[in-house]
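Keep the viewer open as you read.

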Amino acid sequence: MNLTIRYSLLLAVAGACLGMYLSATGSSGEKPGMKTASPAPVHSPSPRSGELISPFAPGTAYQENSFAAAPPPPTAVYARNGRQVDLGGLTAQEYIAKWNSLARSGDKDAAYNVYQAAAVCASNDEPAPAYNSAAELGRFLDERKKLLALCAGVNPAQLQERLSFLALAARAGKVEAQIDYFMEGPYGRDTDLAKSADDPVVQQWKTEAVAELKSAAGQGEPFALALLAQVYDAGELLPRDAKLALAYKVAEADARNSALSEDQLRRNAGAQMSDADFAGALQTGRQIASACCKKNRLSPQE
């Protein structure tokens, strides 16, 4: 994805939605019953701000000679997608090996686990961000060394194959994977979609990414609804459609049980619409919410 779509989405939407989304869905891809790390606020990497989150769980003490005692691998680390991943004390390679056979048999949860472990290692070759002080940069580089040690043995082929495992999990209906399939982009790195418009891989990804987001939205996932609102507003993956952008914004608010007045919506999203188009967008948004979100809030008894 290029900077227009990827980072406008991350900064404008993810900051407001992703923390709640991750804390609500859990950050590890492991099946229920597996130990997961305690939820923690997550901030996605942003080259605009020059800041990267620590790859290690909040609260981990920074020690000048932390490598001297050869501590065991940390339990929770951050993947490239911003999620916290619980490796259970294993290295990334050990964790991949643990789930690899089951993932290759088509198990969507195991496939997502393999993807997550590889995603932990996917940004290790990116340039260090610009920090305000040498001390901050030093801490970042120290943590990167630990992350490189954690990722020892994970090869470039595995890093690339993570996208295949992600696609498997997404197509099987795993909501987290459906969202990450969109966020990763066609190649798992920044891609100028305009310049790559004729690339068949990009064309296929555009079609599938929107379909996966709509599938996740259909399961009542607010973050997917928010992303679809941005997709229709940006007009890069699909032709720009202000009415559908507003409709998905309405559906997202409903999914979050958040009240947005018509005045707010008119000011923020519908200022250029005719009264008829605005009313139609509100109605479409309520229909989307009714189809995807209210049914997901019903208890089993209902």
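A quick word on burial before anything else: a residue is buried at under 20% relative accessible area, exposed at over 50%, and partly exposed in between, using a 1.4 Å probe and protein chains only. This is a predicted model, where local features need pLDDT of at least 70 and side-chain atom pairs count only at pLDDT 80 or more, while totals for chains, interfaces and linings use all residues. Residues are numbered from 1 along each chain as its sequence is written, and side-chain values use heavy atoms, leaving out hydrogens and water.

Start with the charges. Side chains of opposite charge can pair when their charged atoms come close. Here a salt bridge is a side-chain nitrogen of Lys or Arg within 4 Å of a carboxyl oxygen of Asp or Glu, and the structure holds 13 of them. One of these joins Asp-142 to Lys-146, at 3.6 Å from N to O. The two sit 4 residues apart in helix α4 (residues 134-150), so about one helical turn separates them; helices here are DSSP runs of H or I, at least four residues long, numbered from the N terminus. Asp-142 is buried, because its relative accessible area is 14%, and Lys-146 counts as buried too, at 18%.

Another bridge reaches further along the chain. Asp-277 pairs with Lys-243, their closest N and O atoms being 3.7 Å apart. This pair links distant parts of the chain, with Asp-277 in helix α11 (residues 275-297) and Lys-243 in helix α9, 34 residues apart. Asp-277 is partly exposed at 33% relative accessibility, and Lys-243 is partly exposed at 39%.

Now turn to helices α3 (residues 108-120) and α6 (residues 175-184), whose axes come within 11 Å and cross at roughly 40°. That makes α3 oblique to α6. Axes are lines fitted to C-alpha atoms, for helices over the stretch in contact, with angles from 0 to 180 degrees between N-to-C directions. Under 35 degrees is roughly parallel, over 145 roughly antiparallel, 65 to 115 roughly perpendicular, and the rest oblique. Who touches whom, counting heavy atoms within 4.5 Å as contact? Tyr-112, Tyr-115 and Gln-116 in α3 meet Glu-176, Ala-177, Asp-180 and Glu-184 in α6.

Methods: Contact = heavy atoms within 4.5 Å.
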